[in-house]
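Please open the structure in your viewer and keep the selection tool at hand, as this tour moves from one selection to the next.

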Amino acid sequence: IDKFAKGDPSVRPQDVLTLLEAAIQTAGQAVYHKGQAEPEKRGMGTTASALLISGDRGFIAHVGDSRVYMLRAGQVVQLTEDHSLVNELLKTGKLSPEEAETHPQRSVITRALGTDPDVDVDTFAVETAPGDIFLLCSDGLTSMVDEQSILDIVERNRGDLEAAAKALIDAANRGGGEDNITVVL
């Protein structure tokens with residue numbers, strides 16, 4: 001990533017994705033080994049969503065139910081797919097979107113860093129455009145604040161993304177704040 005960030009032309013887009021995947025694998029192995037070394041931490045896991053923007057491309061690596069969104073031209077586009085039980089049920093038609101919102105197992109994730117020594121990492125690239133805003137967030141935001149409200153808050157604070165992030169966290173807390181809330185714009 002350091003080599004790519006310095007503008008080295010020898011790093012091709014597929015190499016960036018490989019580097020991001022390797023970084024997430026390394027982090028996952030560290031969590032796994034910590035759990036193996038300390039019995040009270042056995043089975044712990046976490047999610048990871050990474051975004052590296054260079055020129056007109058965004059490179060994404062993702063595991064779990066944290067999310068990466070792109071806000072463009074008044075629209076919110078979820079770029080990552082949740083690795084969760086509820087998402088699997090949605091994809092197979094066993095749950096409706098309305099049922100998914102309140103499903104008792106909506107926090108059960110099917111892929112996480114640290115629960116096994118290796119994990120499947122989703123990696124891909126997207127084209128960027130001037131004015132795009134990317135949002136990386138935990139489900140503590142998305143389970144408390146709907147996409148339209150996220151868009152409205154960010155658009156109101158477009159000139160100050162730090163204020164937008166704080167406003168999103170405040171909205172999630174007002175909505176119940178039932179989980180940790182992480183927001184990066």
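Begin by selecting Lys34, Glu38 and Lys41, which are linked in a network of salt bridges, a salt bridge being a side-chain nitrogen of Lys or Arg within 4 Å of a carboxyl oxygen of Asp or Glu. Within this group, the side chains of Lys34 and Glu38 meet with N to O at 2.9 Å. Glu38 counts as partly exposed because its relative accessibility is 22%, and Lys34 is partly exposed at 38%; here buried means under 20% relative accessible area, exposed means over 50%, and partly exposed lies in between, with a 1.4 Å probe and protein chains only.

This is a predicted model, in which local features need pLDDT of at least 70 and side-chain atom pairs count only at pLDDT 80 or more, while totals for chains, interfaces and linings use all residues. Residues are numbered from 1 along each chain as its sequence is written, and side-chain values use heavy atoms, with hydrogens and water left out.

Next, select Arg111 and Asp122, whose salt bridge has its closest N and O atoms 3.0 Å apart. Arg111 lies in the loop between H4 and strand S5 (122–127) and Asp122 in strand S5, so the pair ties together parts that are 11 residues apart in sequence. Helices (H or I, at least four residues) and strands (E, at least two) are DSSP runs, numbered from the N terminus.

Move on to Arg158 and Glu155, another salt bridge, with the closest N and O atoms 3.0 Å apart; Arg158 is partly exposed at 34%, as is Glu155 at 31%. By the same rule, the count comes to 10 salt bridges.

Now colour Glu98, Glu99, Glu101, Asp146, Glu147 and Asp152, which form a negative surface patch. Patches are made of residues with over 30% relative accessible area and no salt bridge, like charges being joined within 9 Å and nonpolar side chains (Val, Leu, Ile, Met, Phe, Trp, Tyr) within 5 Å. Helix H4 (97–102) and helix H6 (147–156) each supply at least two of the patch residues, and the largest share, three residues, comes from H4. Asp152, found in helix H6, is partly exposed at 37% relative accessibility.

Finally, show the strands: four of them form an open antiparallel sheet in the order S4-S3-S6-S7, where two strands pair if DSSP finds at least two bridges between them. The edge strands are S4 (75–78) and S7 (183–184), each pairing on one side only. Strand S6 (residues 133–137) pairs with S7 in the antiparallel sense over two bridges, and Leu136 stands opposite Val184 in S7.

Technical notes
Areas by Shrake-Rupley, 256 points an atom, 1.4 Å probe, with all protein chains shown as cover. Lys, Arg positive; Asp, Glu negative; His and termini not counted. Charge placed at Lys NZ, Arg CZ, Asp CG, Glu CD.
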